[in-house]
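This briefing concerns a structural model shown below. Please view the sequence and the coordinates together before reading the points that follow.

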Amino acid sequence: MDKETEKHQDHELIRRVQNGDMVAFNDITDRYKDRLMNVVYRMLNSQQEAEDIVQETFLRVYQHRQSFDFRHCFSTWIYTIALNLARNELRKRKRFKFFDIFDMKGSETEIAVEMVMPTNLPQVLDRAIEGLPEKYKLAFLLRDVQELPYEEVARVMNIPLGTVKSRVNRARSILRDKLKPRREESNALSKGTLLPVSLL
Amino acid sequence: MHCRRVRSFLSAYCRGELEGKQARAIADHMANCPACRGEEASVRDLFKLAEELPSTRVSADFNSRLLNRIAEARHQETRTKAYLPKGVPVFTVNRVAPVLAVVCFALAFVFAGGLGNFQGHDDPLMALGEAALDDSYLTVQPVNEHWAFQKQLNRATRIQDLMGRIMGQSSFNSFAGQTDWIQSRRPMIPVPVFIIPSTGSQHFMVPAQPETLLIREVNADS
């Protein structure tokens with residue numbers, strides 16, 4: 001489905017929601033819940049918190065349904081709400097720092113981390129995304145995972161178009177660099193080459 | 001075009017985000033540069049992997065939980081509106097709570113005697129225990145004159161009750177012949193004073209440590 005058709009359908013649904021149609025609201029929820037979950041989860045790294053944020057997002061959409069501006073895309077609006085809520089959550093976390101066992105230094109922890117390192121490449125990419133700085137992570141997720149147009153990413157993130165492009169580019173190049181060794185290992189294994197013991 | 005410049009446009013090129021002259025220049029470069037072709041392959045791999053990223057889904061009861069929350073919000077909205085005449089703006093708890101908090105704080109501050117009450121010792125009762133009592137301390141404050149006084153009075157009464165429990169009802173009775181209130185020069189700091197009828201000596205109590213009370217005799221001169 002192309003972007004224009006999707007935008008048109010979203011507007012139709014939100015118009016029905018404004019008239020009190022809960023079936024249309026349910027359709028909107030089904031349309032966006034997993035997309036939002038994928039971005040918010042990767043920002044917060046917690047299934048429960050991400051789900052709470054997504055719930056809160058839909059609740060806000062419902063409460064402010066009458067104030068939706070039809071000149072804009074519905075997707076821009078809903079992503080903006082979700083990401084603002086997620087950012088607030090991250091800010092709260094910074095104020096109350098929780099200590100994770102993996103944050104602690106020591107050889108045992110390092111071994112434990114190494115043991116849970118994923119072997120399949122999409123999972124490796126997922127880990128690499130997790131390690132990106134927030135501004136690059138968000139730009140990459142919205143552009144390359146959610147496939148939003150640059151203009152929409154700029155509106156959601158509230159930054160200029162040029163900045164979005166450079167952030168996306170930077171994120172891609174960081175990820176490519178992180179994936180390179182894993183990809184080489186994987187290629188070597190598939191070709192049956194002998195690997196140094198340190199890589200095993 | 002140099003390799004370095006080509007690589008800076010590579011991801012945009014692979015995504016088909018470049019147009020016209022720029023796209024053609026990169027394509028021409030690719031045809032003759034095996035190193036950049038290698039880079040291009042790794043960029044395309046990244047995009048392919050991004051499509052295969054593990055998806056995170058919401059739980060199965062997501063919609064029903066959401067609809068319950070919305071029903072709750074709607075119920076609250078209609079309840080509030082139902083009791084108000086048309087055209088009156090609706091204030092939700094979220095909007096009114098901060099305003100109410102500020103008003104209550106301001107009222108409490110004014111009734112507590114303004115800044116004067118917050119200067120000097122942190123604990124007025126402690127301060128009184130440390131101070132030498134003289135006649136000027138012994139002024140009687142009428143009960144119920146003031147909200148803040150009433151608060152202190154309640155506190156003093158609690159201390160009195162506690163005292164009764166500590167010392168046993170019988171010995172408490174011997175203290176209870178007459179109760180007077182000391183008011184320090186600082187406003188609103190009454191403490192209970194017990195006058196023992198047999199000796200006529202006056203005693204007052206101050207909390208020394210948490211859960212500890214000191215009983216001191218008021219100066220014979222006062």
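How many contacts beyond four places in sequence does the model have for residues 208–212 of chain B, where pLDDT stays under 50? The model has three such contacts for that stretch; pLDDT is the predictor's confidence in each residue, from 0 to 100, and two residues are in contact if their C-beta atoms, placed from the backbone, lie within 7 Å.

This is a predicted model, in which local features need pLDDT of at least 70 and side-chain atom pairs count only at pLDDT 80 or more, whereas totals for chains, interfaces and linings use all residues. Residues are numbered from 1 along each chain as its sequence is written, while chains are lettered from A and ligands numbered from 1 in the order in which they are written.

**Confidence**

- For the complex, the predictor gives an ipTM of 0.72 and a pTM of 0.58.
- Chain A has a mean pLDDT of 81, with 77% of its residues at 70 or more.
- Within chain A, helix α3 (residues 47–63) has the highest confidence, at a mean of 93, and helix α5 (residues 107–115) the lowest, at 42; helices (H or I, at least four residues) and strands (E, at least two) are DSSP runs, numbered from the N terminus.
- Residues 98–116 of chain A stay under 50 in pLDDT and have four contacts beyond four places in sequence.
- Residues 192–200 of chain A also stay under 50, with four contacts beyond four places in sequence.
- Chain B averages a pLDDT of 64, and 41% of its residues score at least 70.
- In chain B, confidence is highest in helix α3 (residues 20–32), at a mean of 88, and lowest in helix α9 (residues 169–175), at 38.
- The pLDDT is below 50 over residues 169–190 of chain B, yet this stretch has 59 contacts in the model beyond near neighbours in sequence.

- A82(A) touches L36(A), V40(A), I53(A), V54(A) and T57(A), leaving aside residues up to four places away in sequence.
- α2(A) has a kink of about 35 degrees centred on Y32(A), the bend at a residue being the angle between axes fitted to the seven residues ending there and the seven starting there.
- N45(A) follows α2(A) and has a positive phi, near 55 degrees.

**L141(A)**

- L141(A) lies in helix α7 (residues 134–145) of chain A.
- L141(A) counts as buried because it has 24 C-beta neighbours inside 10 Å; the cut-off for buried is 20 or more other C-beta atoms within 10 Å, with 12 or fewer for exposed and partly exposed in between.
- L141(A) and V40(A) are 101 residues apart in sequence, but their C-alpha atoms are 9.7 Å apart.

- Chain B has nine helices and four strands.
- Buried residues make up 15% of the 222 residues in chain B.
- The contact takes 29 residues from chain A and 24 from chain B.
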